[in-house]
Amino acid sequence: MSSPQILLIRRAHIILPNGELMIGDVLTRDRQIVEVAPEISQPEISQTALVTEIDAEGLTLLPGVIDPQVHFREPGLEHKEDLFTASCACAKGGVTSFLEMPNTRPLTTTQQALDDKLERASHKCLVNYGFFIGATTENLPDLLLAKPTPGIKIFMGSMHGQLLVDGETALSAIFAKGDRLIAVHAEDQARINQRRQEFANIHNPAIHSQIQDNQAAMLATQLALKLSQKYQRRLHILHMSTAEEADLLRQGKPSWVTAEVTPQHLLLNTNAYEKIGTLAQMNPPLRSPHDNEVLWQALRDGVIDFIATDHAPHTLEEKAQEYPNSPSGMPGVETSLALMLTAAMQGQCTVAQVVNWMSKAVAVAYGIPNKGAIAPGYDADLVLVDLNTYRPVRREELLTKSRWSPFEGWNLTGWAVTTIVGGEIVYDKGQVNTQVRGQALTFL
């Protein structure tokens with residue numbers, strides 16, 4: 001029988017579940033939080049217990065980030081990223097759990113492919129993990145039965161091959177059967193195809209935001225909402241990017257519908273193309289400063305429920321290709337928490353709101369038990385951040401295999417100092433403990 005692992009964090013600024021701040025101590029035993037108090041006396045422990053104590057004076061303790069939309073590229077595209085490198089990047093960024101998307105090679109569209117990812121993750125992932133099952137027009141039995149999974153991912157656009165499900169008839173067949181959460185990439189493929197013809201032979205990457213324009217996103221979101229309401233089906237709208245979509249939800253958002261936004265759709269806009277070119281290219285594309293403002297307000301008002309990164313790395317060589325041959329996507333797990341906490345320090349929101357958007361609300365939406373709060377009985381997935389020190393995003397310090405960020409040079413605060421997964425220190429002051437392993441997430 002293994003010795004109990006005990007962690008005692010002292011003198012931290014703790015964000016409590018009600019959003020209030022308390023300076024105090026947190027005690028964890030094995031994988032769970034057992035006590036949160038202004039001061040915890042030395043716990044009674046057996047001589048065989050492994051005890052670690054952290055002096056967190058001046059640091060802020062948050063629940064670990066749950067990133068509910070990432071593309072970690074394994075299997076099949078490991079030259080861009082893999083589960084080990086991505087989970088190292090997660091640890092450095094304060095991300096203690098992730099939900100990964102099905103567009104790997106082979107596609108995650110069967111129980112066998114899902115099992116393969118879970119097996120790989122059990123050996124490679126330093127943080128906790130879950131994997132979506134991808135919808136095709138022909139795998140309805142898998143969509144109904146595959147487990148464990150947070151839900152069904154549907155690409156309504158920005159995709160080709162089997163994972164593109166863009167007709168109302170095909171979509172209706174999926175919405176009509178079962179009760180599992182459906183998460184949609186909402187862009188209208190017919191609109192995108194039409195716009196591609198209109199803007200053919202233009203190689204300025206800024207045209208990407210006109211080809212996959214606001215209307216393409218709005219059309220798909222309208223259709224997804226229509227089907228969700230028709231079949232009373234649990235719907236999640238991934239990486240919402242436009243003012244029009246936010247306004248649509250504000251007019252009438254069913255209780256069973258949630259939505260997310262990425263830091264890049266809050267903090268970057270079409271002006272970024274001039275500065276960083278194809279590094280700003282993603283799907284759905286960056287929008288206008290007006291869209292930024294409306295999305296921020298929708299997030300603060302609860303119209304949008306939480307934050308995801310859509311971490312989707314490509315190599316710099318791939319990104320250097322001339323548009324439209326350059327691939328869409330950017331890395332994000334290492335910078336998301338610091339970006340949002342910097343926004344909080346600038347008055348865009350509060351630290352407690354960041355905790356809700358990046359931890360608690362995600363756990364609630366996906367039915368992930370015992371995650372997203374610092375309270376007894378919750379899992380000991382935690383991150384200590386420094387809100388008093390600013391440091392720029394530096395390419396050479398990134399752990400993602402792609403080794404670049406659209407936010408390179410941005411001066412941020414709230415960087416993770418120590419990240420804890422299941423009561424074990426996985427990242428501390430620049431060093432990753434590669435011996436730690438996360439666990440498969442469960443979904444209620």
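Reply: The largest nonpolar core has 80 residues, and Phe98 and Ile154 are those with the most contacts inside it. A nonpolar core here is a set of buried Ala, Val, Leu, Ile, Met, Phe, Trp, Tyr and Cys residues joined through side-chain atoms within 4.5 Å; buried means under 20% relative accessible area, with a 1.4 Å probe and protein chains only. Ile154 touches Ala135, Val165, Leu171, Ile174, Phe175, Ile182, Ala183, Val184 and His185, leaving aside residues up to four places away in sequence. A contact means heavy atoms within 4.5 Å. A second, separate core has 18 residues, among them Leu16, Met22, Ile33 and Ile54.

The model is predicted: local features need pLDDT of at least 70 and side-chain atom pairs count only at pLDDT 80 or more, while totals for chains, interfaces and linings use all residues. Residues are numbered from 1 along each chain as its sequence is written, and side-chain values use heavy atoms, with hydrogens and water left out.

For the protein chain as a whole, 61% of the 444 residues are buried. Of its contacts with a separation of 6 or more, 73% are between residues 24 or more positions apart. Along the principal axes, the C-alpha atoms fill a box of roughly 70 × 45 × 45 Å.

Definitions and conventions: Buried means under 20% relative accessible area, exposed over 50%, partly exposed in between (1.4 Å probe, protein chains only).
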